[in-house]
Amino acid sequence: MEVILAKTAGFCFGVKRAMDMAGEQVGKEHIYTFGPIIHNEEVVEDLKQKGIGVIHSLKEAADVPPGTIIIRSHGIDKKTYTKLLELGWNIIDATCPFVKKIHRIVEEESGQGTQIVIIGNEHHPEVEGIMGWCKTPPVVIDTDEKAFHFDKKNVKKLCIVSQTTFNYKKFQDLVEIITKKGYDIVVRNTICNATEDRQTEARALAQKADAMIVIGGKNSSNTQKLFEICKEECENTYYIQTLRDLDLNKFSCAGCVGITAGASTPNNIIQEVHTNVRI
Ligand code: F3S
């Protein structure tokens, strides 16, 4: 049996970097992450066992003696960042460099009087963080309707950026609607390809595999999406959370088994599945 593990399975560059930065703090005292480091309860619990707790808000950060706090890959807004420093926290900034770049763009452009438009979901922590680096109030757009209704009097110049995980096609459509309104526009495509690359590789792998395993949390929407893509190409696609969910008998006749995993699936879970499918 041939078993092929997708190169893009699991953590993207930014999340892996943040996890590594947290890992370097194991064994030290008073270490926390600002919000759960990834959407995976086992990982958060494991870090807790290793002495790295979670602080959920500025209020909580003010209520405990300051130590070291790790900013997760989504990043945070400037006010929160400054407040943490004022409270005496030592910050380890694990904001993904691709997100950090957006912070710099919006801070600089808004400082020059340009209106910032963020294409993304205003309730997503990454977008909330980006909004907080703008020197003037930004506008957040994620639907055609909002783009059609966008109308800023007295604004001449716009700078459009995107949430890193936004769909590229939809981004283009929304930019097109806004462009027709006649503003002087700078478009900075800040979409990160990690999600798309993972989906493209999963589809290609599912096309040649006899069976496909997709690993990820039950509530992970990006894993669900990966599963749908693989199922379209390969009828024998299985969605599992860990090795425990896998019925190995299903693979006894398969010549080629493909494995991929969602963005918050830890490497040890992927490796465990990879090793055991072969047996
Ligand atoms: Fe990951 Fe950074 Fe892209 S966190 S999805 S590599 S923007």
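1. In strand E12, Ile-259 is the bridge partner of Ile-213. Two strands count as paired if DSSP finds at least two bridges between them. Strands (E, at least two residues) and helices (H or I, at least four) are DSSP runs, numbered from the N terminus.

2. Basis of the values. The model is predicted, so local features need pLDDT of at least 70 and side-chain atom pairs count only at pLDDT 80 or more, while totals for chains, interfaces and linings use all residues. Residues are numbered from 1 along each chain as its sequence is written, and side-chain values use heavy atoms, with hydrogens and water left out.

3. E10 and E12 sit in an open sheet of four strands, ordered E1-E12-E10-E11, with parallel pairing. Strand E1 (2-5) and strand E11 (237-240) are at the edges; each has a single partner strand, so one side of each has no neighbour in the sheet. From one strand to the next, the twist averages 20°. Angles run from 0 to 180 degrees between N-to-C directions, with axes as lines fitted to C-alpha atoms, for helices over the stretch in contact.

4. Which strands does helix H9 touch? Helix H9 (residues 194-208) packs on this sheet against E1, E10 and E12, and its direction makes about 165° with that of E12. Contact means heavy atoms within 4.5 Å. Helix H10 (residues 221-233) lies across E10, E11 and E12 and runs at about 165° to E11.

5. Another open sheet has four strands in the order E3-E2-E4-E5, also with parallel pairing. Strand E3 (52-55) and strand E5 (90-93) are its edge strands, each pairing on one side only. Here the twist averages 30° from one strand to the next.

6. Within that sheet, four bridges join strand E2 (residues 31-34) to strand E4 (residues 68-71) in parallel. One of the partners is Thr-68 in E4, bridged to Ile-31. Helix H4 (residues 78-86) packs on the sheet, touching E2, E4 and E5, at about 145° to the direction of E5.

7. How many cavities of 30 Å³ or more does a search of the whole structure find? The count is one. The largest cavity has a volume of about 30 Å³. A cavity is a set of points, on a 1 Å grid over the protein atoms alone, where a 1.4 Å probe fits but cannot get out; lining residues have an atom within 4 Å of a point. Grid points are joined across faces, edges and corners, and the volume is the space filled by probe spheres set on the points.

8. The lining of the largest cavity is Thr-33, Ile-37, Val-44, Leu-47, Ile-52, Gly-53 and Val-54. E3 gives the most, with three. By class, the lining has five nonpolar, two polar and no charged residues. Ala, Val, Leu, Ile, Met, Phe, Trp, Tyr, Cys and Pro count as nonpolar, Asp, Glu, Lys and Arg as charged, and the others, Gly among them, as polar.

9. Around the ligand stand Cys-12, Gly-14, Cys-96, Phe-98, Thr-164, Cys-192 and Ala-194. A residue is near a molecule if one of its heavy atoms lies within 4 Å of it. This shell has five nonpolar, two polar and no charged residues.

Technical notes. On a 1 Å grid over the protein atoms alone, a cavity is a set of points where a 1.4 Å probe fits but cannot get out, and a pocket is an open set with protein on both sides within 12 Å along at least five of seven lines; lining residues have an atom within 4 Å of a point.
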